[in-house]
Amino acid sequence: MSVAQWKRIALFIEGEEDRAFAERILKPRLQERYNEVRIQTHARTPDEQLRSHFRSLKRMGSDLFLLVDYDRGLCITAVRQKYAQRYEPYLGETQVLVARPMIEAWYTAGVPHQNPFKASIPPIVESVDKQAFAGIFGERARNREERIVLLQQILAVYDWGLALQRSESLRYCAIKLGIAE
């Protein structure tokens, strides 16, 4: 395979819970389209260092996306514009993917109807924030150590097709990444 045919993608995500989701759910699907899939956290990385990463990736012809939580900000377009302006000229609005309202909604979206958590999942998860997530999954979602185990258990039973039905923002991002229709 020539260098020109080599396809790589870099997905910059906020934190470790986002990384776990991306590694377990997104990466295997991206590997069907790309020769190299890189997932990196960006929450604690200085802007100048991120710009440098983005510049290098752009020069190499890599696809590049930044995944952020909506966090009940302005409108989604404004969130995309904010990050695109912050990292211009290396990042465009179309490269900013927004989890709405946050990654907890995406975790919740893929929990099957019959699940080991005995959780009742709403048909649409676009309003599932940290507080709603804790309401659905109970005390385990509040305790740091138990939360990590809970998230891994959710990923182990994750239903991708159901998740795409329940979360408009996940479906949008999956389409942008080329891993859903």
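Colleague: How should the confidence of the protein chain be read, and what does the chain average?

Modeller: Where pLDDT is low, the predicted coordinates should not be read in detail. pLDDT is the predictor's confidence in each residue, from 0 to 100. Here the protein chain averages 94, and 97% of the residues score at least 70. In this predicted model, local features need pLDDT of at least 70 and side-chain atom pairs count only at pLDDT 80 or more, while totals for chains, interfaces and linings use all residues. Residues are numbered from 1 along each chain as its sequence is written, and side-chain values use heavy atoms, with hydrogens and water left out.

Colleague: Which way do the residues of strand E4 point?

Modeller: In a regular strand the side chains alternate between the two faces of the sheet. In strand E4 (residues 96-99), Val 96 and Val 98 point one way, Leu 97 and Ala 99 point the other way, and all are buried. Buried means under 20% relative accessible area, exposed over 50%, and partly exposed in between, with a 1.4 Å probe and protein chains only. Strands (E, at least two residues) and helices (H or I, at least four) are DSSP runs numbered from the N terminus. Strand E3 (residues 63-69) pairs with E4 in the parallel sense over four bridges; pairing requires that DSSP finds at least two bridges between the strands. Leu 66 stands opposite Val 96 in E4.

Colleague: What lines the largest cavity?

Modeller: Rolling a probe the size of a water molecule over the atoms shows where empty space is left. On a 1 Å grid over the protein atoms alone, a cavity is a set of points where a 1.4 Å probe fits but cannot get out, and a pocket is an open set with protein on both sides within 12 Å along at least five of seven lines; lining residues have an atom within 4 Å of a point. The lining of the largest cavity includes Leu 97, Trp 106 and Cys 173. Helix H8 (residues 168-177) gives the most to this lining, with four residues.

Colleague: Which residues lie nearest the centre of the largest pocket?

Modeller: Of the 17 residues that line the largest pocket, Gly 15, Glu 16, Glu 17, Asp 18 and Arg 144 lie nearest its centre.

Colleague: Is Arg 147 buried or exposed?

Modeller: Arg 147, found in helix H6, counts as buried because its relative accessibility is 9%.
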